[in-house]
Amino acid sequence: MITLSDIIQALTKITIRSNELPITEAVIDSRKVIPGSLFIALPGEQTDGHRYIDSAFKRGANFALICKDTPVEKYRILDIRNINEGKDLKIPDTPFCIRVDDSLKAMQEIACYWRKKLPIRVIGITGSVGKSSTKELTAEVLSQKYYTYKNPGNYNNEIGLPLTILNLGNGYERLVLEMGFFYSGEITFLCNISNPEVGVITNIGTVHAQRAGSQKAIADGKSELITSLPGKPQGTAILNYDDPYVRAMAKKTSTNVLFYGLDSQADLWADEIHGRGLKGIRFRMHYQGKSAILDVPMLGRHSVQTILRASAVGFTEGLNIEEITEGLVNSNSQLRLVAEDESDQNQRQRDRC
């Protein structure tokens, strides 16, 4: 787990070796605090996390990351603003507050530091529709071979994504991250924190085109995931061949490209699709000259694209067809595919697309 030493190192570059206190959980909601937590007090339009520091400490938090002044007599405070490298820090007894200029920026800086410290491969997923279902299914496929973590719910923005990374333990081997898009440069920012090696683009729809300016503007925003990937052989862009906006993204990168879709020109493709009602869907999947019939308990023809995306990540990460099929057949995501991902849930965090 991330420790107090990691937090101090990330924010000040000062190494403290005598305070390896583990952070059991990083939270922005005091109701989710467990003993040993780091509570991050974020100012907001609706409420202010600084109002809940007392609640967090009473629930067992060891630390609170704050960016507003609080009564010194009430809280022990470690002020690390304008601290120079090499200075000796006196660490208070827990619980105490860590005072910074901007608690959101500090949380992001700590997450960036922690991500770089972990030997893990990151899979980033974005697109207009299908992000959440693809994330869920991809994580289940990868779990057949790797210890895998994913961002909960739709923690896909500048708050949720770094929070996910802060709660990432040292033993994980793969991290699957959904990434939302609200403004130009946002996905680049998220990639600078998470450093993905694999990027998956689902599609580019017309939803939110009025807000973004055009469908092309959405495509440009989503393509930031692809342009942020490392080059060959580490990076792989997994692109929807059936979507012309996504297919064109291959020209923006020099990394490996794996096309998926329902067109036989794709690297990974499907045909012979048959819906089986509530029993799921059956189709034939083709990859590298081999094919297999998949009988998967997921509903709707659109699920084939989701399955192809998760399978493409599986192949990229070294899984064989048997391991991928096992993850698909035993998936617990089929209800979420219908009820969650294509609903209004992704609009809850600032109407991201």
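In this predicted model, nine strands, 9 in number, form an open sheet with mixed pairing, in the order S7-S8-S6-S9-S10-S11-S12-S13-S14. Strand S7 (148-150) and strand S14 (290-296) are the edge strands of this sheet, each pairing on one side only. On average, and with direction ignored, neighbouring strands of this sheet are turned by 20° against each other.

Strands of a sheet pair through backbone hydrogen bonds, and the pairing is either parallel or antiparallel. The antiparallel sense is seen where strand S12 (residues 268-275) meets strand S13 (residues 281-287), a pair joined over 6 bridges. Within this pair, Leu268 has Tyr287 in S13 as its bridge partner.

The other sheet to consider is an open one of 5 strands, in which the pairing is parallel and the order is S1-S2-S3-S5-S4. Its edge strands, strand S1 (26-27) and strand S4 (77-79), each pair on one side only. Between strand S2 (residues 38-40) and strand S3 (residues 63-66), which run parallel, there are 3 bridges. Here Phe39 stands opposite Ala64 in S3.

Helix H1 (residues 4-12) lies across S2, S3, S4 and strand S5 (96-99), and runs at about 20° to S5. Helix H3 (residues 103-117) lies across S2 and S3, running at about 120° to S3.

A further helix shows how burial can be arranged around an axis. Which residues of helix H8 (residues 215-222) are buried? They include Ile218, Ala219, Gly221 and Lys222. These residues lie on the same side of H8 because they cover an arc of only 160° around the axis.

Key
Residues are numbered from 1 along each chain as its sequence is written. This is a predicted model: local features need pLDDT of at least 70, side-chain atom pairs count only at pLDDT 80 or more; totals for chains, interfaces and linings use all residues. Side-chain values use heavy atoms; hydrogens and water are left out. Two strands pair if DSSP finds at least two bridges between them. Helices (H or I, at least four residues) and strands (E, at least two) are DSSP runs, numbered from the N terminus. Contact means heavy atoms within 4.5 Å. Axes are lines fitted to C-alpha atoms, for helices over the stretch in contact, and angles run from 0 to 180 degrees between N-to-C directions. Buried means under 20% relative accessible area, exposed over 50%, partly exposed in between (1.4 Å probe, protein chains only). The arc is that of the directions from the helix axis to the C-beta atoms.
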